[in-house]
Amino acid sequence: MTRLLRAEQEKLRGGERRRQTLLKGKEEQSLESELSKKLEITEDAKEENNEEEEGSKAETSTTTKKKKKKNKSKKKPQQTDPPTIPVVKLFPSGDFPEGEIQQYKDDNLWRTTSEEKRELERFHKPIYNSVRQAAEVHRQVRKVAAHWTPNSGDKTVLQSDDVMKLDFGTHIDGHIVDCAFTVAFNPMYDPLLAASREATYTGIKEAGIDVRLCDIGAAIQEVMESYEVEINGKVFPVKSIRNLNGHSIGPYQIHAGKSVPIVKGGEQTKMEEGEFYAIETFGSTGKGFVREDLECSHYMKNFDVGHVPLRLPRAKQLLATINNNFSTLAFCRRYLDRIGETKYLMALKNLCDAGIVQPYPPLCDVKGSYVSQYEHTILLRPTCKEVVSKGDDY
């Protein structure tokens, strides 16, 4: 009996063990299936996230491309012909391009790498930028050499055989750029134009800090008078006009005191660091000497004039107009016409007689002669020489 009981107990225990084993197996299977489901859900979520990220990246790249396309589509404003867009709008950054840079030579070569001189240039950058803006904005007939422009009612008509000088200045906050060139429609005059152009470039090349003005004049004359021009079968030597000069430029002062001769034998005065100069040359087929002639059109208030008592009320009124519109910059009678001044000739003469305003009559060589002119404004920077008015055309 005892053996039978033990056998039955063993059977019961074995069955119990098998049931527990089966339960464990089922539980493990259910756990594995749940885990696999969870893993599948996680992988699906990851795939969805990856797809979303790829989609967002694609969207970002497309928007970036669109932005790039938009940026590409924004072109730099182009000036119209004739010009109607203000120069400021053409350079929205406010920085205007440099002119032609020329390095100093010989004793001034050290300036190119001097850190002290570079720092000095950085200090004067606002002034340089104003001059460059004026230069960006910047870019008279036959025997007349200078200081002529037609007054209102003038009937002069430009002819195919005329030689025309275009000389004008621009300024920003009184920082002046003075520049000139010559136009001739007949190629017969090309050597005359080339003479003054190359003479001007020679003067620019020779100019520099501590250079004597007389040495520049000698170099200019040598180049100018190496040319000759054949006009209607007659050969004329080109001469430098000895009583016309280039000049230094100051704030609101077109002629600032120093003269740059275009013939030898001038002043021993030296150019100095930081100065502005108008290097201009005049080549003539005449005597090479000019005199005042024709009706006056150019005027300018004297720079150093103090208070001068005036009796005529009309002269006082005209002086106020000149002060408000031109200050000490040059003007012509047409400018007065444009701002509404009428019947001002007597008042203008009174201002000239009182020494407040200086008249600048046309300057002419002998009748039948031809004159060409070229001019550029240069800046003697501490480290280099900048031709601020130099452009692509001349």
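Visitor: What makes A347, L348, L351 and C352 the buried residues of helix 9?

Guide: In this predicted model, buried means under 20% relative accessible area. A347, L348, L351 and C352 are the residues of helix 9 (residues 345-353) that are buried.

Visitor: How do you know that the buried residues line one face of helix 9?

Guide: Seen down the axis of helix 9, the buried residues fall within an arc of 140°, so they line one face of the helix. An α-helix has 3.6 residues a turn, so residues three or four places apart point the same way.

Visitor: Which exposed residues does the face turned away from the buried side of helix 9 carry?

Guide: That face carries M346 and D353. The cut-off for exposed is over 50% relative accessible area, and M346 and D353 are exposed.

Visitor: What covers the buried residues of helix 9?

Guide: The cover includes strand 12 (298-301), helix 7 (313-325), helix 8 (333-338) and strand 14 (357-360). Helix 9 lies across strand 12 and strand 14, and runs at about 105° to strand 14. Just after helix 9, G355 has a positive phi of about 80°.

Visitor: Why are strand 12 and strand 14 called paired?

Guide: Two strands pair if DSSP finds at least two bridges between them. Strand 12 and strand 14 are joined by 4 bridges and run antiparallel, so by that rule they pair. One of the bridges sets K301 against V357 in strand 14.

Visitor: How many bridges join strand 12 to strand 13?

Guide: There are 2 bridges between strand 12 and strand 13, which run antiparallel. The rule asks for at least two, so strand 12 and strand 13 pair. Y299 stands opposite F331 in strand 13.

Visitor: What makes strand 13 and strand 14 the edge strands?

Guide: Strand 13 (331-332) and strand 14 each pair on one side only. The open sheet has 3 strands in the order 13-12-14, with antiparallel pairing.

Visitor: Which way do the residues of strand 12 point?

Guide: H298 and M300 point one way from strand 12, Y299 and K301 the other way, and all are buried.

Visitor: Which residues does I378 touch?

Guide: Leaving out residues up to four places away in sequence, I378 touches I204, A207, E275, F276, Y277, I279, K385, E386 and V387.

Visitor: How do you know that strand 3 and strand 4 are paired?

Guide: The rule asks for at least two bridges. Strand 3 (residues 163-172) and strand 4 are joined by 10 bridges and run antiparallel, so they pair. M164 has V183 of strand 4 as its bridge partner. The hairpin of strand 3 and strand 4 has 2 residues between the strands, and D173 takes a positive phi near 55° there.

Conventions: Residues are numbered from 1 along each chain as its sequence is written. This is a predicted model: local features need pLDDT of at least 70, side-chain atom pairs count only at pLDDT 80 or more; totals for chains, interfaces and linings use all residues. Side-chain values use heavy atoms; hydrogens and water are left out. Contact means heavy atoms within 4.5 Å. Buried means under 20% relative accessible area, exposed over 50%, partly exposed in between (1.4 Å probe, protein chains only). The arc is that of the directions from the helix axis to the C-beta atoms. Axes are lines fitted to C-alpha atoms, for helices over the stretch in contact, and angles run from 0 to 180 degrees between N-to-C directions.
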